[in-house]
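Here are some friendly notes to read beside the model. Take the points in order, and keep the 3D view open as you go.

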Amino acid sequence: MRRLLGSTRGLFIACVAVSSLLAGLVTAFVWLPLAGHLLPPGHFLAPWVPMVLSILLAIPIASFVSRRSARPIQDMVEATKSISRGDYAVRVAEEGTGDIAELLHSFNRMTAELGSTELMRNDFINTFSHEFKTPIVSIRGFARRLRRGGLTEQQQNEYLDFIVEESQRLADLASSVLLLSKYESQKLVGEQTDYDLDEQIRTCVLRLESQWSAKDLVFELDLPRLPYRGNAEMMEHVWLNLLSNAVKFSREGGAVFLAACEEDGRISVTVRDEGVGIDPKDIGHIFDKFYQGDSSHAAEGSGLGLALVHRIVELSGGRITVESEKGRGTAFCVELPAAAGEG
């Protein structure tokens with residue numbers, strides 16, 4: 001902004017100088033010869049008259065030009081007042097050149113980002129409220145039905161199972177929200193240790209055995225030894241979420257493939273399934289909080305798992321990509337900076 005104000009002041013001074021020069025030339029070559037013919041013999045025009053006339057002509061011209069050049073800044077000031085009132089749809093015309101044009105473009109981009117952030121915040125609050133309210137309403141309904149009595153022992157057990165499941169869902173949702181909030185506010189990865197990443201992934205597969213064995217899934221692993229230095233607890237969330245997703249969306253009797261390699265200082269781990277795949281319109285949103293593209297599996301998760309994975313990988317200096325084909329399966333690829341431990 002300081003540069004911009006300096007440019008505006010410089011423009012005004014330049015306008016005054018150029019306008020004075022032009023006015024002086026007009027006075028010297030037009031007004032003085034004309035005055036020489038009009039004045040009686042023996043009379044002459046005082047030397048300060050051309051100077052005064054030049055200034056009188058230069059100031060209005062410079063003022064007009066400077067006001068015109070400052071109009072985009074005035075528009076931006078008004079737009080800023082609108083933003084302070086919560087109107088993030090306001091935009092300014094991108095006029096001018098140089099610093100002014102760059103500032104106006106950056107301002108419009110900033111307001112667009114603010115609007116997007118505000119929309120995401122509102123969506124998050126609405127979805128968060130809905131996700132918490134749904135299991136609470138279910139628990140209350142089943143509890144009231146049990147309280148009224150008149151149920152068979154089988155019905156009572158079914159209702160109690162529903163209450164336990166919904167309570168667990170609520171607890172998992174609360175844990176996921178707190179965990180995601182923790183990692184979103186975190187800037188650095190602490191408590192890093194040396195360990196083998198491949199062994200950690202194998203352990204996560206075993207921890208989910210009850211889930212994948214219930215669907216008669218087969219795991220095919222190609223995991224060479226991958227010495228790594230990082231936060232083991234954080235990375236465990238990554239593998240558990242990706243593996244549980246692969247299991248959840250796989251067809252009965254299908255296969256899940258795990259492959260990893262280390263090349264050019266980067267560790268690459270791919271988790272691929274043969275499941276339902278992701279609709280192309282959902283690909284760009286799968287890492288958004290609470291986003292669940294496949295509504296048929298909505299009750300099985302909170303929509304926070306992939307958002308958590310994305311944040312952890314980002315904190316670890318890596319990146320995660322996804323490739324999917326509807327009806328053919330999905331592959332997530334996690335790339336991490338290689339940080340080999342000793343031994």
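1. Let us begin with Ser250, which you will find in the loop that runs between H7 and E4. Please remember throughout that you are looking at a predicted model. Is Ser250 buried or exposed? Its relative accessible area is 6%, so Ser250 is buried, the limit for that word being under 20%. Leaving aside residues up to four places away in sequence, Ser250 touches Lys215, Leu217, Val256, Asp273, Glu274 and Gly275.

2. Next, have a look at the sheet. In what order do its strands lie? The order is E2-E4-E5-E7-E6, five strands in an open sheet with mixed pairing. At the edges are E2 and E6 (319–325), each of which pairs on one side only. From one strand to the next, the twist averages 15°.

3. Helix H7, residues 232–248, packs on this sheet. H7 touches E2, E4, E5, E6 and strand E7 (329–337). Compare the directions of H7 and E7 on your screen: they make an angle of about 170°.

4. Now follow the pairing of E2 with E4. Strand E2 covers residues 218–222 and strand E4 covers residues 255–263; the two are parallel and share five bridges. You can check this residue by residue: Val218 has Ala255 of E4 as its bridge partner, and Phe219 has Val256 of E4.

5. What about E4 and E5? Strand E5 spans residues 266–273, and eight bridges join it to E4 in the antiparallel sense. Within this pairing, Leu258 stands opposite Val271 of E5. E4 and E5 form a hairpin with two residues between the strands, and there Asp264 takes a positive phi near 55°.

6. One side-chain detail involves Arg272 and Phe257. The charged end of Arg272 sits over the ring of Phe257, at 4.1 Å from the ring centre.

7. On to the aromatic pairs, of which the count is four. Why is the pair of Phe142 and Phe162 called stacked? The planes of the two rings are at 10°, and planes under 30 degrees apart count as stacked; the ring centres are 4.9 Å apart. Phe142 belongs to helix H3 (residues 98–148) and Phe162 to helix H4 (residues 153–185), so this pair ties together parts that are 20 residues apart in sequence. Phe142, at 21% relative accessible area, is partly exposed, and Phe162, at 37%, is also partly exposed.

8. Last, the cysteines. How many disulfides are there? The count comes to zero. Cys261 counts as partly exposed, with 36% relative accessibility, whereas Cys204 is buried, with a relative accessible area of 1%.

Technical notes:
Residues numbered from 1 in each chain as written. Predicted model: local features only at pLDDT ≥ 70, side-chain atom pairs only at ≥ 80, totals over all residues. Heavy atoms only, no water. Disulfide = S-S within 2.5 Å. Buried < 20%, exposed > 50% of the residue type's maximum accessible area, 1.4 Å probe, protein only. Pairing = 2+ DSSP bridges. Helix = DSSP H or I, 4+ residues; strand = E, 2+ residues; numbered from the N terminus. Axes fitted to C-alpha atoms, helices over the stretch in contact; angles between N-to-C directions. Contact = heavy atoms within 4.5 Å. Phe/Tyr/Trp six-rings, centres within 6.5 Å; stacked < 30°, edge-to-face > 60°. Lys NZ or Arg CZ within 6 Å of the ring centre and 35° of its normal.
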